[in-house]
Amino acid sequence: MKIDKLPLGSFIAGGWRTSGDGFAIQDPYSGEIIANVSRCFQSDYEDAIVSANRGLKVLDALAPKGRSEALLAWADALEANSEDLARLITKEQGKPIKESRGEVAYGIDYIRWFSGEAIRHYGQIVPLDNHHQHRVEHRPVGIVGAITPWNFPFAMFARKLSAAFAAGCSVILKPSEETPLTAIAVTQWLLESGFPADAIQLCITDDAESFGEWVTREPAIAKLTFTGSTHVGRWLNERAAGQFKRMSLELGGDAPFLVFSDADIDAAVAGLVGSKLRNAGQTCISVNRIIVQQSVSEEFVSKLISELAIKSSGSGSDETTEVGPLINRKAVLRIEQHVNHAIASGAELLFQEERTASNNHYPITVLQLPPNNVGQHEALLKSVGEWFGPVFMIQTFETEAESFVMANQSQHGLAAYAFTNDYQRIERIRSTIQTGMIGINETAISNAAVPFGGIKCSGFGREGSSEGLKDYSYTQYTNVRV
């Protein structure tokens with residue numbers, strides 16, 4: 001779908017709404033303004049509530065089988081337009097086209113998964129005696145407010161909405177103001193596939209704070225799901241607490257990556273590079289802290305730099321590009337500041353690629369912290385936080401126990417990775433590392449069939465798997481005397 005063919009506004013109460021009051025969307029690589037989209041207002045939100053209430057009734061009338069079929073029709077429509085969708089993602093988000101195609105496939109997989117879960121959301125009858133029927137059933141929680149991020153503008157849309165729709169919930173969605181075009185196109189294909197119009201309200205705005213205030217205070221919204229920073233997640237959670245809303249928060253990550261002396265070093269390097277350079281490091285489960293056993297650190301660093309030196313950075317639309325730009329200039333300046341701070345604090349610059357023509361490109365960078373100073377490392381890592389860019393910061397350790405202490409030196413707990421061929425150590429990693437997801441000898445850990453989410457300051461709730469459907473339902477028990 002061409003950008004000039006998109007309805008560049010919000011979809012509310014069964015129709016597209018556009019006005020002269022809007023904001024610009026830029027191509028992250030070239031800086032070119034590719035579209036101007038209309039923003040919605042408070043009055044639109046009120047109309048969205050009325051329509052979303054109608055949507056609940058429509059989805060309930062469809063029943064699980066009908067919702068399953070509607071989701072499959074949406075998935076089919078997206079697959080038929082998958083290349084157009086991938087190119088749109090690359091144009092407004094910047095990631096390499098090969099990664100955008102992967103995101104499209106990944107998002108569609110969630111829609112198909114939840115189309116199946118819709119008809120497997122079983123209740124039960126508890127047979128206590130012959131005089132009562134004890135029924136336990138799952139009901140849709142109600143209207144869902146959803147806020148999705150810019151780094152995966154389609155996949156996060158698909159992951160949240162497919163679960164909500166499968167459970168029977170209507171959704172009021174605000175996509176990131178950085179990447180609204182993908183959400184507009186995906187909503188268009190949702191409607192063209194025959195999905196009930198009142199089930200989705202798409203609110204386009206660059207006033208995230210105003211929308212956040214409204215969605216947390218509005219009593220008709222029963223649940224809020226958000227993917228983004230810990231800071232914003234905490235802000236939303238505090239404001240929603242008085243309403244006792246159901247919340248799903250997938251927040252910041254600080255993933256440790258442990259490499260032990262018995263690991264396959266080539267596999268560890270390949271896994272690290274694949275994780276760290278995906279979307280130029282702009283993923284919540286990207287490796288953030290590289291923790292390598294001292295005895296293999298020299299070999300590991302040498303092979304890592306050799307691998308990074310041949311990576312191709314550039315425009316995401318180029319089929320040969322492996323690393324695209326960051327989302328905007330602000331992100332570049334933030335990383336630049338953190339790298340300078342790390343070097344001033346004692347980190348050694350081991351490698352940095354040449355800059356490309358894009359103003360929003362940050363060069364692949366490798367830093368190494370001096371050994372045997374855990375306190376200094378902890379202070380530096382806290383000040384830097386989540387890199388969210390193509391920066392590799394390496395620490396070394398001597399003993400397994402030391403590595404576990406370093407891995408758990410974080411307020412976050414979304415993902416962790418470890419490379420080792422010692423089975424007993426694998427069991428110790430599983431029981432010791434404090435995080436919601438762990439990859440052992442693997443960094444591609446996410447798919448629709450497994451629960452995605454974290455602990456501590458990385459939030460709560462799960463997306464994907466049967467666990468993901470539970471977050472959009474409440475359990476109802478009925479005792480019937482027969």
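Which residues does T187 touch, not counting residues up to four places away in sequence? In this predicted model, where local features need pLDDT of at least 70, side-chain atom pairs count only at pLDDT 80 or more, and totals for chains, interfaces and linings use all residues, the answer is F11, W16, F157, I200 and L202, contact being defined as heavy atoms within 4.5 Å. Residues are numbered from 1 along each chain as its sequence is written, and side-chain values use heavy atoms, with hydrogens and water left out. T187 has its place in helix α5 and counts as buried at 0% relative accessibility, where buried means under 20% relative accessible area, exposed over 50% and partly exposed in between, with a 1.4 Å probe and protein chains only. Helices (H or I, at least four residues) and strands (E, at least two) are DSSP runs numbered from the N terminus.

Helix α5 (residues 180–192) also packs with helix α2 (residues 82–93), at an angle of about 160 degrees and with the axes 8 Å apart. This makes α2 roughly antiparallel to α5; axes are lines fitted to C-alpha atoms, for helices over the stretch in contact, with angles running from 0 to 180 degrees between N-to-C directions, and angles under 35 degrees count as roughly parallel, over 145 as roughly antiparallel, 65 to 115 as roughly perpendicular and the rest as oblique. From α2, the residues D84, L85, L88, I89 and E92 meet P180, L181, T182, A185, V186 and W189 of α5.

On the α1 side the contact is made by S68, L71, L72, W74, A75, D76, L78 and E79, and on the α3 side by I108, I111, R112, F114, S115 and G116.

Helix α3 (97–117) is also among the elements against which the buried residues of α8 pack, together with β12 (255–259), β13, α9 (294–308), β16 (391–397) and β18 (415–419). The buried residues of α8 are I265, A268, V269, G271, L272, V273, S275, K276 and L277. The 13 residues of helix α8 (residues 265–277) should span 18 Å at 1.5 Å a residue, and the end C-alpha atoms of the helix are 18 Å apart, which agrees; the expected span is 1.5 Å times one less than the number of residues.

Strand β13 (residues 287–293) contains I291, which is buried with a relative accessible area of 0%. Leaving aside neighbours within four places in sequence, I291 is in contact with P256, F257, L258, V259, Q395, F397, M406 and A407.

Two residues were examined for backbone geometry. Most residues other than glycine have a negative phi. K456, in strand β20 (residues 455–456), has a positive phi near 55 degrees and is partly exposed, with a relative accessible area of 36%. S465, in helix α14 (residues 465–470), has a positive phi near 65 degrees and is buried, with a relative accessible area of 4%.
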